[in-house]
Amino acid sequence: MEQDPELVLAVRLRAGDVTAFNEVFDTFNPRLFSFLIRMAKNRAVAEDLLEETWLRLVSVRKNLQPETRLGAWLFTVARNLFVSYCRSRACEQSHTGDLILLWPAERSRSPFELAHYNEFEQRLETALAELPPTYREVLLLVGVEGLRPADAAKVCGISAEAFRQRLSRARALLSQHLKSGEQRHQTVSIESRL
Amino acid sequence: MTKDHDELFEALARLRRIPPATQWESRVRARCHSLIDGTEPEPKYSSQLTCHHRLPYAMGFIDVAAAACLFGYLLAVGHEAARLGGLL
């Protein structure tokens, strides 16, 4: 029977295989960063939290259990680090409405790329950013990062049923925020034409 | 699940990944390699976040500035009280 690739990577990582680390890093770094930057709404904080996440993986690699699912493990650590950070720093509530401003400067943003960051995406990002972190994280984990609800529930440290309810509430809230965002956008459009 | 909610989830799945900075990525990867290779000693595991390094310096400066202002104010109040009390 073919072994789960994540489990195979965990075994190789335990043995100190650097190429295994590179595979894990290449696979999960972009996803973890996207998750953290949408949670923290600050690039520098997301970078620090993610660096800490990787350092922790490297520190405990020899003690990883054979059945460790690296993806869930990494998201759990990243999420817990964010929660700890918020508790210790009283995260500011202001949000960055324009997520494209969080793109790194050295990655060129062509006019084509910018135009494609269309109006609906912008409103969706804004609506996501407006949600309380407990609702934002469930939508990011399942909706954006594609974790299975059972895995995402473990990441959040809650039961599957509690997660299901939270996800349902989060979707309803996001929908509300999108609608009010659309109304604001239409009001601005009308006012600008007057 | 309503049709609206399905579309919402599809829209979420299409949100683009925000990439980390190339330089940051290279630095963190290299640091992890050094730790795995043993060329860099493994950090003492701490629950403190590395990002604390960015903030406490600034917070310490603000604390000192606030303490200095308070001290100056108390000194001025004390001086004025002494003057009004005829001690000075």
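**View 1. Helix α7(A) passes helix α8(A) in a right-handed crossing.** A crossing is right-handed if the near helix is turned clockwise from the far one by less than a right angle, and left-handed if anticlockwise. The model is predicted: local features need pLDDT of at least 70 and side-chain atom pairs count only at pLDDT 80 or more, while totals for chains, interfaces and linings use all residues. Residues are numbered from 1 along each chain as its sequence is written, chains are lettered from A and ligands numbered from 1 in the order in which they are written, and side-chain values use heavy atoms, with hydrogens and water left out. Helices are DSSP runs (H or I, at least four residues), numbered from the N terminus. Here α7 (residues 133-144) and α8 (residues 149-156) of chain A pack at about 140 degrees, with axes 9 Å apart; the axes are lines fitted to C-alpha atoms over the stretch in contact, and angles run from 0 to 180 degrees between N-to-C directions. α7(A) is therefore oblique to α8(A). Angles under 35 degrees count as roughly parallel, over 145 as roughly antiparallel, 65 to 115 as roughly perpendicular and the rest as oblique. In contact (heavy atoms within 4.5 Å) are E137(A), V138(A), L141(A) and V142(A) of α7(A) with P149(A), A152(A), V155(A) and C156(A) of α8(A).

**View 2. Helix α3(A) meets helix α2(B).** The axes of α3 (residues 43-60) of chain A and α2 (residues 22-37) of chain B come within 10 Å and cross at roughly 20 degrees, so the two helices are roughly parallel. This crossing is right-handed. Residues including W54(A) and L55(A) in α3(A) meet residues of α2(B), among them W24(B) and L35(B).

**View 3. The largest nonpolar core has 66 residues.** Such a core is a set of buried Ala, Val, Leu, Ile, Met, Phe, Trp, Tyr and Cys residues joined through side-chain atoms within 4.5 Å. Buried means under 20% relative accessible area, with a 1.4 Å probe and protein chains only. W54(A), L139(A), L174(A) and L12(B) touch the most other members. Helix α2 (residues 18-40) of chain A gives the largest share, 12 residues. Not counting residues up to four places away in sequence, L174(A) touches L124(A), A127(A), L128(A), L131(A), L139(A), L8(B) and L12(B).

**View 4. Helix α6(A) has buried residues including L124(A), A127(A) and L128(A).** E121(A) and R123(A) are also among the buried residues of α6(A).

Technical notes
Buried means under 20% relative accessible area, exposed over 50%, partly exposed in between (1.4 Å probe, protein chains only).
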